[in-house]
Amino acid sequence: MSEFLQQLLNGISMGAIYALIALGYTMVYGVLRFINFAHSDVFMVGSFAAFHVAPRLGSGAVAGGMAILCVAMAASALLGMAIEKLAYKPLRGRSTLTVLITAIGVSLLLQNVGQKVFGAEPKAFPAIFPSRTFHLGTVVVNSTQLVTIATTLLLLAALHVVVHHTRVGIAMRAVSFNATAASLVGINNDRIISFTFALGSALAGAGGVLYALNYPSIDPLMGTLPGLKAFVAAVLGGIGNLAGAALGGLVIGLVETFVSGTRLSTYRDAIAFGILIAILLFRPAGLLGRDRVEKV
Amino acid sequence: MLEVQDISVGYGAIAALHGVSLRVGAGEIVTLIGGNGAGKTTTLRAVSGLVKPRSGRILFDGRDITGWPAHRLVAAGLAHVPEGRMVFANLTVLENLRMGAYLRRDRAEVNRSLGHVYRVFPRLEERQAQPAGTLSGGEQQMLAIGRALMSKPRFLMLDEPSLGIAPLLVKSIFERIVEINRDDGITILLVEQNANLALRVSGRGYVLETGRITLADTAAALQDNPQVRGAYLGG
Ligand SMILES: Nc1ncnc2c1ncn2[C@@H]1O[C@H](COP(=O)(O)OP(=O)(O)OP(=O)(O)O)[C@@H](O)[C@H]1O
Ligand SMILES: [Mg+2]
């Protein structure tokens, strides 16, 4: 039982990180209908930004940790907007394949520039939040997991407010439903797309910091695997669906964690891709995805 | 108010409009009639900035707006209710209406417009918390018109507002269109396959055939024109 609770906790905190990354994939898909493969590298840059500002912002205290997290999110948001402006915006109206190939190119570019700028060898990520361990019976709870889960919940709540209760957030949903109709009510689609990249990238940046807290060794290629799994999470939840991305992240995190606790643990990374293939075969619209109701 | 001068529009290799010219004066209701594929929708899309003409000019209030992006034209006072309505099905009725006022910052004024739209289409107020995708076709048409009104336009273009709607409701929607023109002083350019009804509420009309204007006259004259009667008014 306590083994189960332990794995459950581990799974939720892993799933929280996948959820944060998955949201960016799904939001960008919503407005531009393509998968931004460079998203996983924005996640990587988020952890490096935190790594570099940590010595200056007083790591180890809650306030310092929050400040570092905010800087990492801001840096990621700027990077996401820059990528969109420089790489994707000039391709507006081109085929999805063209944009997808460009995204892969941007991803490789970021990884290579990352190796040049940050160095290819792994760096030890500092404990930017106070670190403690609690024992609840036989379950070990470390504060990093609590920080991960609490931060994620906070960000999800903030995202919910933005998307449902602000003008720009509702405009984002409008653009993702019908970009033409959105422009006919006066929405400048380019601005909303840019905002979407900023929002998704900020969440990926937060994910990068939380991931580095849990696995405190960072390198410029670190984004690939979590990025792919978060992509699977987004597809699992129903690509374009925000709640679905969060749920998909949680499911992938839990499944992966529980699988690692069994004899199949060597297949933990393969599991996510098994799930991807299964969804594409049996439920292409994802868990929460459904066919749109459009009346004529 | 609107002056379209000799515009040609194409989609890739296909030419949809060959030198279309028309004008709509302030306060008028003008109808554009024509068969399927004649280029009616394309004409409206060119005016509202959704497609760029290959040649020709479009003037709005005497200003050359050719090539302006759609969102900028909304700010200039032009609204377009597109073919197929295009309501945001994933947003509630109220959110759709508020999006219509996307560019307006004065909350009190926006709320006043909302009240006005609800008076014109009381059904929308009853349904305001409902996702727009769950509305009936007629209600979606009301919502599309209401959303356009929320931008407080001076010039409104409607593309086939009667499409797929029960005759009784069509009549009521046309009555609202007349009111919007008369009471709110909004100039209207109407595209309709239901030419009978459209000409009855309009002052003037144009006939579009395969991308060219073939007739321009008062609505009364068009209704009496044997060619028009034969082709568009069911004899
Ligand atoms: N997106 C598009 N791509 C290619 N061709 C198009 C496109 N939209 C319209 N066309 C073509 O342009 C011509 C004019 O179309 P348009 O939609 O303007 O006609 P319409 O008069 O509105 O017809 P309807 O009464 O059926 O709505 C048609 O031949 C149509 O096939
Ligand atoms: Mg049409």
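**Ligand site.** I looked up what surrounds ligand 1 and got 14 residues, the closest being Lys40(B), Thr41(B), Thr42(B), Glu83(B) and Gln193(B); a residue is near if one of its heavy atoms lies within 4 Å of the molecule. This is a predicted model, so I kept to its rules: local features need pLDDT of at least 70, side-chain atom pairs count only at pLDDT 80 or more, and totals for chains, interfaces and linings use all residues. Bookkeeping: residues are numbered from 1 along each chain as its sequence is written, chains are lettered from A and ligands numbered from 1 in the order in which they are written, and side-chain values use heavy atoms, with hydrogens and water left out.

Next I checked polar contacts (a pair of N or O atoms within 3.5 Å). The side chain of Thr41(B) puts an N or O atom 2.6 Å from an oxygen atom of ligand 1. For Lys40(B) I read 2.7 Å from a side-chain N or O atom to a ligand oxygen, and for Glu83(B) 2.7 Å as well. On its own ligand 1 has 630 Å² of accessible area, and the protein covers 64% of that (Shrake-Rupley method, 1.4 Å probe).

Which elements of chain B supply at least two residues each of the shell? I found strand E2 (14-24) and helix H1 (40-47); these are DSSP runs, helices (H or I) of at least four residues and strands (E) of at least two, numbered from the N terminus. H1(B) gives the largest share, three residues. By class I have four nonpolar, seven polar and three charged residues in the shell, with Asp, Glu, Lys and Arg as charged, and Gly among the polar ones.

**Aromatics.** My search of the whole structure turned up 10 aromatic pairs over all chains (ring centres within 6.5 Å; planes under 30 degrees apart are stacked, over 60 edge-to-face, the rest tilted). Phe48(A) and Phe118(A) have ring centres 4.2 Å apart and planes at 5°, so I logged them as stacked. They sit 70 residues apart, Phe48(A) in helix H2 (39-53) and Phe118(A) in helix H4 (96-118).

Lys152(B) is not a glycine, yet its phi is positive, about 55°. I placed Lys152(B) in the loop between helix H6 (137-149) and strand E7 (155-159) of chain B. Thr210(B) also has a positive phi, near 35°, in the loop between strands E9 (204-209) and E10 (212-218) of chain B.

**Confidence.** Chain A averages a pLDDT of 93 (the predictor's confidence in each residue, 0 to 100), and chain B averages 95. I flagged residues 291-296 of chain A, where pLDDT stays under 50.

Technical notes. Contact = heavy atoms within 4.5 Å. Polar contact = N/O pair within 3.5 Å; in protein donor to acceptor, adjacent residues only side chain to side chain. Phe/Tyr/Trp six-rings, centres within 6.5 Å; stacked < 30°, edge-to-face > 60°.
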